[in-house]
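Have a look at the model below, then read on.

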Amino acid sequence: MASASKEEVIGKLNVRVLRGNNLIIADPLTHTSDPYVVLQYGAQKVKTSVQKKNPNPVWNEVLQLSVTNPTKPVHLEVFDEDKFTADDSMGVADINITDIYDAAKLDLSHATNGTRIKTIYPVGVNYLGGESHVQWKDGKVVQDLILKLKKVDSGLIVVQLEWVHVPGVKL
């Protein structure tokens, strides 16, 4: 029996950070930015590589987080790497994982590849910059998201979530 202080891992979330678009210029002297993405979920923190001098970076990197509570969002923040001062924030977004978690609980063994399970529309309370689809793709539950960064004038981050089942855990 798991102790009450340690939260049980109910699944893993692979977050493929694909690219950024129209990110702000964080270094006014060089008129450029050196962006990287940090994902935080509870005490876990993972980050992408730095893309030098690029307001439209392509990362295509997979970061994995252990999920303990599907109602807790993943916090995403884009930073500009600075050599001599603290790195500057280039915007934030929260990723709601409830939709992909709910889809992961379904029996999709008979679903055809590309089956759309749910569509989430951009509304004022979420960070979506376009429709998001949860779908069954290549035997996995995935969700494509375009995230509109907050606390800045411009910027989008494109990610793909993939739910990874943990052996022995029933959702």
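Predicted model: local features only at pLDDT ≥ 70, side-chain atom pairs only at ≥ 80, totals over all residues.

Residues are numbered from 1 along each chain as its sequence is written, and side-chain values use heavy atoms, with hydrogens and water left out.

**Overall packing**

Along the principal axes, the C-alpha atoms fill a box of roughly 55 × 40 × 30 Å. Buried residues make up 42% of the 171 residues; buried means under 20% relative accessible area, exposed means over 50%, and partly exposed is in between (1.4 Å probe, protein chains only). Now for contacts, meaning heavy atoms within 4.5 Å. Of those between residues at least 6 apart in sequence, 56% join residues at least 24 apart.

In soluble globular proteins, nonpolar side chains tend to be buried together. Here the largest nonpolar core has 37 residues, and those with the most contacts inside it are Leu13, Leu76, Ile95, Ile97, Ile157, Val159 and Trp163. A nonpolar core is a set of buried Ala, Val, Leu, Ile, Met, Phe, Trp, Tyr and Cys residues joined through side-chain atoms within 4.5 Å. Take Leu13: leaving aside neighbours within four places in sequence, its contacts include Leu63, Leu65, Val67, Val74, Ile97, Ile100, Leu161 and Trp163. Gln64 and Glu162 are among the contacts of Leu13 too.

**Charged pairs**

Side chains of opposite charge can pair when their charged atoms come close. The rule used here for a salt bridge is a side-chain nitrogen of Lys or Arg within 4 Å of a carboxyl oxygen of Asp or Glu, and the count comes to four. Including these:

| Salt bridge | Closest N to O |
|---|---|
| Glu7 and Lys72 | 3.8 Å |
| Lys118 and Asp99 | 2.6 Å |

Glu7 and Lys72 form a salt bridge. This pair links distant parts of the chain, 65 residues apart: Glu7 is in the segment before strand E1 (11–21), and Lys72 is in the loop between E4 and E5. Glu7 is partly exposed at 43% relative accessible area, and Lys72 is partly exposed at 25%.

Lys118 pairs with Asp99. Lys118 lies in strand E7 (residues 115–120) and Asp99 in helix H1 (residues 98–104), so the bridge ties together parts that are 19 residues apart in sequence. Asp99 is buried, with a relative accessible area of 12%, whereas Lys118 is partly exposed at 37%.

What about Asp82? Asp82 is buried yet has no salt bridge, and the nearest side chain of opposite charge, Lys52, is 8.7 Å away. For charge, Lys and Arg count as positive and Asp and Glu as negative, with His and the chain ends not counted. Asp82 sits in the loop between strand E5 (74–80) and strand E6 (88–95). Not counting residues up to four places away in sequence, Asp82 touches Asp27, Asp87 and Asp88.

**Loops to look at**

Gln51 is in the loop between strand E3 (44–47) and strand E4 (58–67). Setting aside residues up to four places away in sequence, Gln51 touches Ser33, Asp34, Pro35, Pro57, Val58, Trp59 and Glu61.

Lys53 is also in the loop between E3 and E4. Most residues other than glycine have a negative phi. Phi of Lys53, though, is near 45 degrees, a positive value, and Lys53 is exposed at 61% relative accessible area. Lys151, in the loop between strand E9 (140–148) and strand E10 (156–164), has a positive phi as well, near 70 degrees. Lys151 is exposed, at 77% relative accessibility.

Note on methods
Helix = DSSP H or I, 4+ residues; strand = E, 2+ residues; numbered from the N terminus.
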